Amino acid sequence: MRAGVAQLEPGGTTLGARLSVGALAALYSGFMSPRELLIAGKLQADERSLALLSVLFAGPAPALADFF
């Protein structure tokens, strides 16, 4: 992250975290937190990176009211 702007690059080494595109989708959508992904074995991250990801992707869990 530079100047408050996050960038994702394949094979990047700036952040000490590795995850698949599927895990990134779960994280980005709010379906799973970084800690949940770590426990599930879908995320490899050091404590600093885990804390940063938790801040970057903080927010309410997704929901959909089924009032159709």
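Analyst: Helices (H or I, at least four residues) and strands (E, at least two) are DSSP runs, numbered from the N terminus. This is a predicted model, in which local features need pLDDT of at least 70, side-chain atom pairs count only at pLDDT 80 or more, and totals for chains, interfaces and linings use all residues. Residues are numbered from 1 along each chain as its sequence is written, and side-chain values use heavy atoms, with hydrogens and water left out. Ser49 lies in helix H3, which covers residues 47–56.

User: How many helices and strands does the chain have, and which pattern do they follow?

Analyst: The chain has three helices and two strands. Along the sequence, their pattern is β-α-α-β-α.

User: Is Ser49 buried or exposed?

Analyst: Buried means under 20% relative accessible area, exposed over 50%, and partly exposed in between (1.4 Å probe, protein chains only). Ser49 counts as buried because its relative accessible area is 0%. Across the chain of 68 residues, 15% are buried.

User: Which residues is Ser49 in contact with, beyond its neighbours within four places in sequence?

Analyst: Contact means heavy atoms within 4.5 Å. With those neighbours left aside, Ser49 is in contact with Leu15, Gly16 and Ala17. Ala17 in turn touches Leu43, Gln44, Ala45, Ser49 and Leu53, residues up to four places away not being counted. Of the chain's contacts with a separation of 6 or more, 51% are between residues 24 or more positions apart.

User: Which residues form the largest nonpolar core?

Analyst: In soluble globular proteins, nonpolar side chains tend to be buried together. A nonpolar core is a set of buried Ala, Val, Leu, Ile, Met, Phe, Trp, Tyr and Cys residues joined through side-chain atoms within 4.5 Å. Here the largest one consists of eight residues: Ala17, Ala23, Ala26, Leu27, Leu37, Leu43, Leu50 and Leu53. H1 and H3 each supply at least two residues of this core, and H1 gives the most, with three.

User: How much accessible surface does the chain have?

Analyst: Accessible areas come from the Shrake-Rupley method with a 1.4 Å probe; for residues, only the protein chains shown count as cover. The accessible surface of the chain is about 5,500 Å², and carbon and sulfur atoms hold 60% of that surface.
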